[in-house]
Amino acid sequence: MVCNDPRETEKDLNAAMDVLHKNAADYRINPNEIVFSGFSAGGHLAALHSARCSRRGSCPKAQVLHYPYLDAGAMIFCSEVGTKYREQMDFNECHPTSLMDRGVPPTIVYHAKQDELVQTRQMTDYVTA
């Protein structure tokens, strides 16, 4: 069951990127050199942001995804709070693989061979896209 609104997490990430871009001089960073890294659900969030970021102008330079929870993460993101996420059928708008385009930054994907939650197919589908 989805217990909180995952879109709020995405809004937080977008807001953090906006702050970094707007305050780059104060933080003494180059906002064009930011690299994302995310594990499991965090990998889904990083991949989702990277698939949508070109519309916002806040893409990371690259991303490193560690066994990202792509399929179930998309179902959770597209489900309403209080619903069972596995019952959600149309989740392409929240699925990084479905949203893949040339704007997605260079990506390294790590996967554990014996991971029973995240199937290897999810990684190969993402890399192929």
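These legends accompany several close-up views of a predicted model.

**View 1. Cys53 and Cys59 joined through their sulfur atoms.**
The sulfur atoms of Cys53 and Cys59 sit 2.0 Å apart and form a disulfide. A torsion of about 100° about the S-S bond makes the Cys53 and Cys59 link right-handed. The two partners can be described one by one: Cys53 has 0% relative accessibility and is therefore buried, while Cys59, at 24%, counts as partly exposed.

**View 2. The disulfide of Cys78 and Cys94.**
Here the sulfur atoms of Cys78 and Cys94 are 2.3 Å apart. That separation qualifies because the cut-off for a disulfide is a pair of cysteine sulfur atoms within 2.5 Å. By this rule the count comes to two disulfides. The torsion about the S-S bond of Cys78 and Cys94 is about 105°, so this disulfide is right-handed. It ties together distant parts of the chain, with Cys78 in helix α4 (residues 70–78) and Cys94 in the loop between α4 and β3 (107–110), 16 residues apart. Both Cys78 and Cys94 are buried.

**View 3. An open sheet of three strands.**
Follow the strands in the order β1-β2-β3, and you will find the pairing parallel. The edges are β1 (35–39) and β3, each of which pairs on one side only. On average, neighbouring strands of this sheet are turned by 10° against each other, direction ignored. Zooming in on one pairing, five bridges join β1 to the parallel strand β2 (residues 62–66). A handy landmark is Phe39, which stands opposite His66 in β2.

**View 4. Helix α5 across strands β2 and β3.**
Helix α5 covers residues 120–128 and lies across both strands. Relative to β3, helix α5 runs at about 165°.

**View 5. Helices α1 and α4 where they meet.**
How do two packed helices get described? By the angle between their axes and the distance between the axes. For helix α1 (residues 6–22) and α4, the axes come within 7 Å and cross at roughly 100°. On the α1 side the contact is made by Pro6, Arg7 and Glu10, which meet Ile76, Phe77 and Cys78 in α4. Sorted by type, the residues of this contact of α1 with α4 are four nonpolar, no polar and two charged.

**View 6. Helix α4 and its surroundings.**
How many of the nine residues of α4 are buried? Eight are, so α4 is largely enclosed by the rest of the structure. The buried residues are Leu70, Asp71, Ala72, Gly73, Ala74, Met75, Phe77 and Cys78. They pack against α1, α3 (41–52) and α5.

**View 7. Ile76 in helix α4.**
Is Ile76 buried or partly exposed? With a relative accessible area of 24%, Ile76 is partly exposed, because buried means under 20% relative accessible area. Look also at Pro6: Ile76 and Pro6 are 70 residues apart in sequence, yet their C-alpha atoms are 7.4 Å apart in space. Both Ile76 and Pro6 take part in the meeting of α1 with α4.

How values were computed
Residues numbered from 1 in each chain as written. Predicted model: local features only at pLDDT ≥ 70, side-chain atom pairs only at ≥ 80, totals over all residues. Heavy atoms only, no water. Buried < 20%, exposed > 50% of the residue type's maximum accessible area, 1.4 Å probe, protein only. Helix = DSSP H or I, 4+ residues; strand = E, 2+ residues; numbered from the N terminus. Pairing = 2+ DSSP bridges. Axes fitted to C-alpha atoms, helices over the stretch in contact; angles between N-to-C directions. Contact = heavy atoms within 4.5 Å. Nonpolar A, V, L, I, M, F, W, Y, C, P; charged D, E, K, R; others polar.
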